[in-house]
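Me: I've just opened this one and would like a quick tour. Can you walk me through it?

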Amino acid sequence: VLTVAVSLADSARTLALAARFPQVSASVGAHPSDDGPEPTAAELVRLAQSEHAVAIGETGLDYHYNKGDLEWQRDRFRQHIRAAREVNKPLIVHTRDAREDTVRILREEKAGEAGGVMHCFTEDYDMAARCLDLGFYISFSGIVTFRNADSLREVARRVPLDRLLIETDSPFLAPVPHRGKPNQPAFVRHVAEKIAELREIPVEEVARITTDNFFALFPQARSA
């Protein structure tokens with residue numbers, strides 16, 4: 001399990017969980033919508049130097065819930081990318097209604113040097129292709145099982161298998177048949193089953209591929 005931070009306070013909790021449980025690894029970072037203390041690259045580097053931290057994020061841009069002058073959000077994103085490059089740990093990137101700025105900042109800050117994943121991907125294949133060109137992985141959540149997600153399912157059919165990841169985004173976005181309930185890591189199987197159906201391969205093959213991809217992207221994660 002990779003437990004993902006969404007604030008500086010959350011980062012301390014993810015690291016504590018990873019220290020307690022051998023099967024858990026952690027990320028550190030502040031979500032673009034978090035209204036807590038503003039993280040600096042130096043603070044993120046300090047947190048990421050923990051042996052339990054395998055990634056930096058969740059970071060990125062969210063123009064859906066945030067309006068007005070969002071230069072602060074773009075600067076926050078840059079701080080995370082700079083920290084990731086310094087500690088050589090991958091990024092977990094959130095993007096919503098911010099396609100062009102997300103790709104632009106990833107390019108300007110040379111995020112490909114750190115690598116990472118476009119988590120809970122909901123964009124079109126053009127966006128996916130541009131992120132793939134930067135060396136990023138594309139991760140699908142329970143949304144891919146939703147009835148109105150035909151365009152996303154088309155992206156899931158086309159992403160190269162060696163860049164494909166699956167996730168839950170717990171406790172949100174529970175997949176069908178659990179939609180509307182709190183999500184949990186065990187429900188990732190339903191995402192795998194949908195990907196297997198779309199790709200016309202056995203679910204066991206999806207499990208193997210995405211597990212291999214996970215440890216390729218997060219080599220410091222623990223498999224206990």
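**A buried histidine, and onward**

Reply: Let's start with His80, which lies in helix α3 (residues 71-87). Helices here are DSSP runs of H or I with at least four residues, strands are E runs of at least two, and both are numbered from the N terminus. This is a predicted model, so local features need pLDDT of at least 70 and side-chain atom pairs count only at pLDDT 80 or more, while totals for chains, interfaces and linings use all residues. Residues are numbered from 1 along each chain as its sequence is written, and side-chain values use heavy atoms, with hydrogens and water left out.

Me: Ok, is His80 buried or exposed?

Reply: His80 counts as buried, because its relative accessibility is 0%. Buried means under 20% relative accessible area, exposed over 50%, and partly exposed in between, using a 1.4 Å probe and protein chains only.

Me: What is His80 in contact with?

Reply: Leaving aside neighbours within four places in sequence, His80 is in contact with Gly29, Ala30, Pro39, Leu44, Ile56, Gly57, Thr59 and Leu91. Contact means heavy atoms within 4.5 Å. The side chains of His80 and Thr59 are also joined by a polar contact of 3.4 Å. That term covers a pair of N or O atoms within 3.5 Å; within protein, one must be able to donate a hydrogen and the other to accept it, and residues adjacent in sequence count only if both atoms are side-chain atoms.

Me: Gly57 was in that list. Which residue does a cis peptide bond join it to?

Reply: Glu58, with omega about 25°. Glu58 lies in strand β3 (residues 53-62). Another cis bond runs from Val176 to Pro177, with omega near 20°, and Pro177 lies in the loop between β7 and α7.

Me: Let's zoom out. How many helices and strands are there?

Reply: The protein chain has eight helices and seven strands. Its C-alpha atoms fill a box of roughly 45 × 40 × 35 Å along the principal axes. Buried residues make up 55% of the 224 residues.

Me: How much of the contact pattern joins residues at least 24 apart?

Reply: 67% of the contacts between residues at least 6 apart in sequence.

Me: Switching to the end of the numbering: which residues of α8 are buried?

Reply: Val203, Val206, Ile209, Thr210, Asn213 and Leu217 are buried in α8. They cover an arc of only 120° around the axis, so they sit on the same side of α8. The arc is that of the directions from the helix axis to the C-beta atoms.

Me: What do they pack against?

Reply: The buried residues of α8 pack against β5 (116-118), β6 (137-140), β7 (164-166) and α7 (188-199).

Me: Tell me about Thr210 there. What does its side chain reach?

Reply: The side chain of Thr210 reaches the backbone oxygen of Val206 at 2.7 Å. Not counting residues up to four places away in sequence, Thr210 touches Leu164, Leu165 and Ile166. Thr210 counts as buried because its relative accessibility is 6%.

Me: Now α7. What covers its buried residues?

Reply: The cover includes β6, α6 (150-158), β7 and α8. Among the buried residues of α7 are Val191, Ala192 and Ile195.

Me: What follows α7?

Reply: Glu200, whose phi is positive, near 60°. Ile201 is also in the loop between α7 and α8, and at 22% relative accessibility Ile201 counts as partly exposed. Beyond its neighbours within four places, Ile201 is in contact with Leu161, Ala196 and Val206.

Me: Where is Asp97, and what is its phi?

Reply: Asp97 is in the loop between β4 (91-96) and α4 (99-108). Its phi is positive, about 55°, although Asp97 is not a glycine. Lys110, another residue other than glycine, has a positive phi near 55°, and Lys110 is in the loop between α4 and β5.
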